[in-house]
Amino acid sequence: MSRKSLSRRQFVAATALSSAALITAPYIRGAQAAGKLTIGFWDHWVPGANKASTDLVNEWAEKAKVEVTIDYIPSQGNKNLLTIAAEAQAKSGHDIFAMPTWWAHANSEQLEDVADIMGPIIAENGEVNGTAKYLGTLGNKWLGVPACVGSQIKGPCSRIDLMKKHAGIDVQAMYPAGSEPKADNWNLDTFLKAAEACHKGGVPFGIGLGETTDNVDTAGAIFLSYGAQLVDAKGNLTVKTDAVRQALEFYKKLISFLPPDVAAWDDASNNKWLVSGRGAMIMNPPSAWAVAKRDAPQVAEQCWTHGFPAGPKGRFAPYLPYFWSIWNFSKNKEAAKNLLIALSKPAAIEKMVTASGGYDLPAYEKLTTLKVWQEEGPPKGTLYHYPNPYKHQILSIAASPAPPKIAQQIYAQATLTKMCLRYHQGEAMEKTLAWAEGECEGFMRS
Amino acid sequence: MVDVAFQPNNVSATQPMRKRSSLQKALKRKSTAAFLMTLPLIILIALLVLYPAFYSIHLATLNKSMQRFVGLGNFEFLFKRDTFWLVVKQSCIFAVSAVVFKALIGFIVAHFVHNIPAKGQRKWRGMLLVPWVIPPAMSTLAWLWLFDPSYSAFNYTLSFFGIGPIPWTGDADWARFSVILVNVWYGAPFFMIMYLASLKSVPDQLYEAAAIDGANWWQRIWYITLPMMRNIIAITTLFSLIVTFANFDIVRILTAGGPLDHTHIFATWAFRIGIEGSDIPLGASVSLFMVPILAVAAIFILRDVNKRGNEA
């Protein structure tokens, strides 16, 4: 076999030629030029809602030349919570994850600060509501960008006909579509009278007292309406106060007008209560109404979503936001931030809210009057007041304003609904308060 | 078991030859082959059982934010919590009563099935195993609908007799009864099939001899059946006790621990604290609490089984 030797001159010439070719060749940008990005989005229960997010992400990925993978992770069976816990332990997983309510704070040490992009987003979309700030910030650090997808207000969804017939309340007149609420008389006293009247009429309010979120959220808003906090913002125990006693007294009266089985209710129970036509009111986002539209249209036509009754300390409504957070182990943080900016543009938000049939709520003040809420029906305008367009309610979350890591324990352990049940079942007020104080002391461990 | 003869004088070959031959011998040994064949399973268990077990021990020694070693601090904290002792009490009530009823029902049904003529026995065995072969997450959902607070099928049926409505999952005592009932429904077929296998291995001659001696029905069970089934009863009880103590799905789906925490057991409370409350170290501590109790029970029961095995 002959072997041709390469001279030094030939080697130098070949090297120079190939270097020149490499330098002068046109730069072809591949599909992954700006790297890869993996996203764990919340799996929306509204059919087709995920597609809006996918389309927006793909549109951005096309322009940014980033290869994107999206996983839609359901909250059924707490699969999203399990995934968050697993990724936090493994310090590996998605770059962006949709964190529900407390989970941004619970993982604050492992999340990238997005304050640098929140400034421009707020400048464009308006101020963020107080609960989104409470759950999404730690000092000056933003733990995630408030996501419209999955964020919700769990306000009253009333039956127009039954409230008129049994309680003499015209909820449409109180919360007219297209104009400001005329709800000055809509307070906890009128609410209690209406609950009693509907109970007598055989269509009691469907407010649960179980340990799942719907039950806890309602209790949280009513407690805050009395100014009742178990732990204050500084982390002091404030269980044994008059405000807490008043809230418990109110709940004791209310429970006697609720269905007898509310202690066992979960998040599906109130939806079933409304769709079955057995109740005049539930506290829920428009998911129950949307199910009624499909399964019981005659019920859906009579549903009206509106504001919470006001208490002595104000009108509070439960608000549960999601956050798109970036793990600090993400390998493509810049691309992740760029994507979150793109998803927070008003047009993108409107597209996602419309795809959800008005269920999703942006946290920004300029985005509470989108067309979808004016047009959704039947009856037309049923969702008009759902996003709190006139800010006549204070958006809140149960167990706030306690420091979030303590509040999460109060919330997860359903301490509020347990207190109400204990007191209603005949336990002495001071014993109930002592029990709750003991629980809260335990939640303060660091 | 010794599967090759020990050969003390077989050491005269040269070093490489000896190495090769010993490797060949090792590979030819039944025990080596058995080990190699079980190796994938051993690796799987090490990865999916041992590693998580040791990792959870590690987690249980950390503080809430998982940044500091606190030794047994989490257990000290738990011992001061009333809810923890409520969970301990409930786990014991749940596991012990469920296992007792499963064993009792399994024993009775096994006797019934054993007495069915061989021709029709197979279909009865198959039908009775149905609750055990359906994934509990699915069958418990069906039970949830039967117990539904507002639309319970049981309450609907009972209403025809003027009974109820019964708060199956809304009252602490009824809720405890409901979760135990579903666990017994799910687990009794396992006892039945194990006891049936054991019954079939009892020699007929013993019963014939007892009949000649004039033993009645009870004496035959007490002096023949039960002693012959002792080992299987012990092992089945231990196995079921461990599985029932660690139950999660039935309670989680039916009551999620409510009302007022009165149906929480170790696993559901650990999930509530660790995953829903984001306090993973405390959740790990709760789930590990039962390990020493079950380990001691396992040692006693298995020691007894070994002793009886040696006597036999």
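**Group meeting talk: where chain A meets chain B**

Let's start with a pair of helices. The axes of α3 of chain A and helix α13 of chain B, residues 266-276, come within 10 Å and cross at roughly 65°. Axes here are lines fitted to C-alpha atoms, for helices over the stretch in contact, with angles from 0 to 180 degrees between N-to-C directions. Helices (H or I, at least four residues) and strands (E, at least two) are DSSP runs, numbered from the N terminus. Which residues make the contact? From α3 of chain A they are A:Leu81, A:Leu82 and A:Ala85. From α13 of chain B they are B:Phe271, B:Ile275 and B:Glu276. Contact means heavy atoms within 4.5 Å. By class, that is five nonpolar, no polar and one charged. Ala, Val, Leu, Ile, Met, Phe, Trp, Tyr, Cys and Pro count as nonpolar; Asp, Glu, Lys and Arg count as charged; the others, Gly among them, are polar.

A word on the model. It is predicted, so local features need pLDDT of at least 70 and side-chain atom pairs count only at pLDDT 80 or more, while totals for chains, interfaces and linings use all residues. Residues are numbered from 1 along each chain as its sequence is written, chains are lettered from A and ligands numbered from 1 in the order in which they are written, and side-chain values use heavy atoms, with hydrogens and water left out.

Now the whole interface. In it, 32 residues of chain A are in contact with 36 residues of chain B. The buried area is about 2900 Å², and carbon and sulfur atoms give 46% of it. Buried area is the accessible area (1.4 Å probe) that two parts lose on being put together, summed over both. A:Gln89, A:Glu211 and A:Arg445 supply 24% of the area that chain A buries against chain B, more than any other three residues.

Next, charges. How many salt bridges are there between chain A and chain B? The count is four. A salt bridge is a side-chain nitrogen of Lys or Arg within 4 Å of a carboxyl oxygen of Asp or Glu. A:Arg445 and B:Asp279 form a salt bridge through their side chains, at 2.8 Å, N to O. The chain A side divides into 12 nonpolar, 10 polar and 10 charged residues.

How confident is the predictor? It gives the complex an ipTM of 0.84 and a pTM of 0.85. pLDDT is its confidence in each residue, from 0 to 100. Chain A has a mean of 92, and 93% of its residues reach 70 or more. For chain B the mean is 87, with 91% at 70 or more. Residues 1-13 of chain B stay under 50.

Last, some backbone details in chain A. Most residues other than glycine have a negative phi, and most peptide bonds are trans. A:Lys65 has a positive phi of about 60°. A:Lys65 sits in the loop between α2 and β2. A cis peptide bond joins A:Gly377 and A:Pro378, with omega about 5°. A:Pro378 is in the loop between α17 and β11. The bond from A:Ser400 to A:Pro401 is also cis, with omega near 10°. A:Pro401 lies in the loop between β11 and α18.

Notes:
pLDDT = per-residue confidence, 0-100.
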